[in-house]
Amino acid sequence: MRITVFGATGRIGASVVEQALEAGHKVVAVVRESARYDVRHPALEVVKVSGVTVAADLVGAVDGAEAVVSGIGPRGRKDGPVTSTSTRAIVEAMREVGVRRYVGVSAAPVGPIPEGDSLLNRAFIHPFFGWMLKETYADLALMEAELAASGVEWTVVRPPKLVSKQVTGVYRTALDANLPRGLSISREDTAHYMLAALAMPETIGHAVGIAY
């Protein structure tokens with residue numbers, strides 16, 4: 001496939017680019033003009049943009065793609081509504097050039113507390129982080145709602161706590177649900193599933209919980 005990857009300098013996006021190239025895909029990595037990006041590969045094209053909130057700036061990056069994968073998300077509590085605004089522009093650019101398939105990243109707290117989860121998780125961990133990061137999760141929920149109304153073939157992946165480790169390809173997933181005792185997942189395995197979901201039509205129009 002020819003895949004356009006947004007957030008290519010972030011840790012999930014960078015892993016998407018790496019794994020997609022290893023799998024034989026052609027990749028367009030979208031990075032900010034100010035970013036340093038040293039990845040080189042015969043099947044990689046790097047497109048630099050001034051920002052990711054104006055659709056007209058992104059049309060060239062998505063034109064000709066068979067799918068778009070976005071690892072864009074807030075890096076801190078003060079980043080503001082990063083995900084919804086960028087996704088809105090990406091989807092508008094996709095519609096402009098007729099690209100249909102989109103896979104992006106959300107977060108587990110946007111979804112429901114899973115049945116069978118521990119009392120500690122239900123009574124403390126989920127409510128605490130929901131309160132601490134309520135603005136971040138509200139933005140992600142808005143992003144999901146706008147995707148649902150967008151008309152594109154979307155999938156979002158909802159990881160819990162993100163860690164860094166080698167790709168295992170071994171994890172649990174649940175359609176439109178979170179996973180009991182699903183406390184963490186690596187960025188690398190999140191990227192692995194995001195790429196895999198491109199070939200899973202059953203995930204279209206759904207959020208997918210993922211965890212070890």
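View 1. T203 lies in the loop that joins helix 6 (187-197) to strand 10 (206-211); helices (H or I, at least four residues) and strands (E, at least two) are DSSP runs, numbered from the N terminus. The model is predicted: local features need pLDDT of at least 70 and side-chain atom pairs count only at pLDDT 80 or more, while totals for chains, interfaces and linings use all residues. Residues are numbered from 1 along each chain as its sequence is written, and side-chain values use heavy atoms, with hydrogens and water left out. With a relative accessibility of 2%, T203 counts as buried (buried means under 20% relative accessible area, exposed over 50%, partly exposed in between, with a 1.4 Å probe and protein chains only). Residues up to four places away in sequence not counted, T203 is in contact with R101, W154, T155, L175, Y193, A197 and V208 (contact means heavy atoms within 4.5 Å). The T203 side chain also reaches the backbone oxygen of M200 at 2.8 Å. Between the C-alpha atoms of T203 and E153, which are 50 residues apart along the chain, the separation is 9.1 Å.

**View 2. Helix 6 and its buried residues.** Helix 6 is mostly covered, as nine of its eleven residues are buried.

**View 3. Packing of helix 3 against helix 5.** The axes of helix 3 (residues 82-97) and helix 5 (residues 134-148) come within 7 Å and cross at roughly 20°; axes are lines fitted to C-alpha atoms, for helices over the stretch in contact, and angles run from 0 to 180 degrees between N-to-C directions. The two helices, helix 3 and helix 5, are therefore roughly parallel to each other, a term for angles under 35 degrees. Helix 3 contributes V82, T83, S84, T87, R88 and V91 to the contact, and helix 5 contributes D139, L140, L142, M143, E146 and L147.

**View 4. The loop between strand 8 and strand 9.** D176 is located in the loop between strand 8 (172-175) and strand 9 (184-186), and R181 is placed in that loop as well. Phi is near 55° for D176, a positive value in a residue other than glycine. For R181, phi is near 60°, again positive in a residue other than glycine. Most residues other than glycine have a negative phi. D176 is partly exposed, with a relative accessible area of 40%.

Notes: A polar contact is a pair of N or O atoms within 3.5 Å; within protein, one must be able to donate a hydrogen and the other to accept it, and residues adjacent in sequence count only if both atoms are side-chain atoms. Angles under 35 degrees count as roughly parallel, over 145 as roughly antiparallel, 65 to 115 as roughly perpendicular and the rest as oblique.
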